[in-house]
Protein chains: 2
Amino acid sequence: VASEAVGASGAAERAAAAVAAHCRAVIDAAAEACVAVKPQLACFERLGAPGWRALAETCDAAREAGLLVLADGKRGDIDVSAAAYGQALVGSTATPFGDVEGLGADAFTANPYMGADTLGVMANAARSAGAGLFVLVRTSNPGAADIEDLALAGGGVVWERVARLVAEIGGVREGLSDIGAVVGATAPEHIPRLRELMPGAPFLLPGVGAQGGRVEELAAAFAPGRAAGLVTASRSIVQAHESGGEPGPAARAEAERLRAQAWALAS
Amino acid sequence: VASEAVGASGAAERAAAAVAAHCRAVIDAAAEACVAVKPQLACFERLGAPGWRALAETCDAAREAGLLVLADGKRGDIDVSAAAYGQALVGSTATPFGDVEGLGADAFTANPYMGADTLGVMANAARSAGAGLFVLVRTSNPGAADIEDLALAGGGVVWERVARLVAEIGGVREGLSDIGAVVGATAPEHIPRLRELMPGAPFLLPGVGAQGGRVEELAAAFAPGRAAGLVTASRSIVQAHESGGEPGPAARAEAERLRAQAWALAS
């Protein structure tokens with residue numbers, strides 16, 4: 001049993017080291033065409049403690065490359081637990097042995113299902129750290145229709161109510177709110193209404209590329225300016241070499257292509 | 001800088017070791033009066049990689065004590081990411097270096113905001129591992145009123161729609177569904193309706209104790225039998241000694257008191 005345990009631990013350590021090296025390579029290749037990296041936390045958590053260390057190393061690599069870090073965990077829980085997520089992602093934890101720093105992310109994603117009190121705690125955690133929060137409003141997956149799109153008795157749909165909550169808890173800094181919204185690029189027809197409800201919120205726009213969203217349909221997101229929209233693309237950048245070329249240059253070329261498209265919209 | 005880094009890392013290691021030892025002591029004290037432990041993942045994540053290791057050790061301690069493990073992370077994301085959460089919590093991850101086992105939890109909690117496709121992927125991950133899933137339906141916090149309680153144009157409220165989704169994706173085994181629901185004990189007036197919509201779902205019932213919920217108001221949850229309700233209590237057990245006595249015996253006495261109350265309802 002002992003040797004099996006060592007073997008299993010070794011696989012996690014080696015896989016996590018490979019993941020961290022891969023992430024650093026992608027960051028080095030694409031950094032000049034990007035403003036941020038958005039590590040998806042589950043992909044690291046599945047490698048256990050070594051995976052969490054690879055996540056921290058990836059955040060370090062992003063900072064060294066001059067990029068912002070958006071920790072994508074879509075967290076949400078009651079007050080005490082929401083505060084602990086804030087400590088883990090953007091804050092620190094006081095212990096009898098000294099303060100333990102969290103990931104040091106510049107922003108993190110949050111789920112609004114449990115309501116304003118849970119979002120408020122996470123917003124305060126972000127604000128205290130000089131960081132931001134992106135709240136799921138209208139997501140990019142087909143299942144968004146099941147709950148987010150439900151029509152309400154009082155008029156409007158669930159995601160419009162969430163958008164109002166996001167606007168209420170946001171504090172405006174330099175024209176943009178410190179509380180942003182996750183808005184799927186796969187349903188661009190909703191973006192003008194989302195921008196109307198959240199005029200100052202930065203929009204995090206997943207769904208471009210592998211999920212079928214198109215940058216050129218996102219103009220309303222950028223209405224307040226270039227910094228008001230963050231187009232996220234993961235598989236289309238990391239796997240760009242599958243259409244030809246070496247991984248690093250292919251990732252960079254795809255990131256540059258997306259940037260040029262987005263900035264053409266915002267100019 | 002190097003010595004600071006070592007110092008910070010040392011604080012996380014020492015704090016995580018203390019957390020793991022504390023969790024083991026609570027488990028040893030209260031195990032006989034409980035059926036499961038429900039580690040709240042944020043409380044471990046805030047200590048970084050050492051915290052994740054303490055989480056794995058706590059899960060091991062629970063299993064050694066004959067308890068089930070409910071990983072409480074309230075996860076939710078698009079298909080590929082939801083699958084990765086399944087790997088992290090109840091499954092395993094194939095790597096070129098061998099399979100990496102996840103936490104090996106017996107169940108985990110999930111957030112329904114993003115819809116049935118995300119829940120379905122997590123349900124399948126749980127089912128493949130012989131584990132279960134508890135979906136947030138009507139939570140115990142005041143903010144539950146903001147989204148979960150919204151009245152729908154088609155009749156009913158958001159949490160009733162979520163309850164129907166939970167019933168639809170559940171598969172019945174021995175009279176109980178393998179997909180359960182998180183139902184706050186702070187709003188017992190909703191439990192008869194929730195039981196009606198989800199007749200076979202195990203209910204995870206947080207909110208007893210520190211949040212004000214009372215076991216004696218939860219009878220409808222136990223209608224299908226003793227195994228249909230899991231009363232969760234965290235601070236009221238772990239901090240029971242603050243009302244007198246030693247931590248271990250106080251935790252055990254409080255757990256036994258709650259169990260006697262719950263089973264009196266289910267008999």
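Visitor: In which helix is the place of E254(A)?

Guide: This is a predicted model. Within chain A, E254(A) lies in the helix that covers residues 247–266. That helix is α9.

Visitor: Does E254(A) count as buried or exposed?

Guide: A residue is buried when its relative accessible area is under 20%. E254(A) has a relative accessibility of 15%, so it counts as buried.

Visitor: Which residues does E254(A) touch, not counting residues up to four places away in sequence?

Guide: Contact here requires heavy atoms within 4.5 Å. With residues up to four places away in sequence left out, E254(A) touches S236(A), I237(A) and A240(A).

Visitor: How many of the 11 residues of helix α4 of chain A are buried?

Guide: Helix α4 of chain A spans residues 79–89. Its buried residues include S81(A), Y85(A), Q87(A) and L89(A). The helix is largely enclosed by the rest of the structure, because the buried residues number eight of the 11.

Visitor: What rotation superposes chain B on chain A?

Guide: The superposition has an RMSD of 0.0 Å, and the shift along the axis is 0.0 Å. That is the relation of a two-fold axis. The rotation is 180°.

Visitor: Why can one say that the copies meet through the same surface?

Guide: In the contact between the chains, 65 residues of chain B meet 65 residues of chain A. The copies meet through the same surface because the share of interface residues of chain B that are also interface residues in chain A is 100%.

Visitor: Which three residues supply more of the area that chain B buries against chain A than any other three?

Guide: Between them, chain B and chain A bury about 5,400 Å², with 62% of it on carbon and sulfur atoms. Of the area that chain B buries against chain A, 16% comes from three residues, more than from any other three. They are R46(B), F97(B) and Y113(B).

Visitor: Which residue of chain A meets R75(B) in a salt bridge?

Guide: The rule finds four salt bridges across the interface of chain B and chain A. In the one made by the side chain of R75(B), the N to O distance is 3.1 Å. The partner is E45(A).

Visitor: Which element gives the most to the side of chain B that touches chain A?

Guide: Across the interface, 26 residue pairs are in polar contact. Elements of chain B that each supply at least two residues to this side include α1, α3, β2 and β6. The element that gives the most, with six residues, is α4(B).

Terms used. Residues are numbered from 1 along each chain as its sequence is written. Chains are lettered from A and ligands numbered from 1 in the order in which they are written. This is a predicted model: local features need pLDDT of at least 70, side-chain atom pairs count only at pLDDT 80 or more; totals for chains, interfaces and linings use all residues. Side-chain values use heavy atoms; hydrogens and water are left out. Copies are superposed by least squares on the C-alpha atoms of residues with pLDDT of at least 70 in both. Buried area is the accessible area (1.4 Å probe) that two parts lose on being put together, summed over both. A polar contact is a pair of N or O atoms within 3.5 Å; within protein, one must be able to donate a hydrogen and the other to accept it, and residues adjacent in sequence count only if both atoms are side-chain atoms. Helices (H or I, at least four residues) and strands (E, at least two) are DSSP runs, numbered from the N terminus. Buried means under 20% relative accessible area, exposed over 50%, partly exposed in between (1.4 Å probe, protein chains only).
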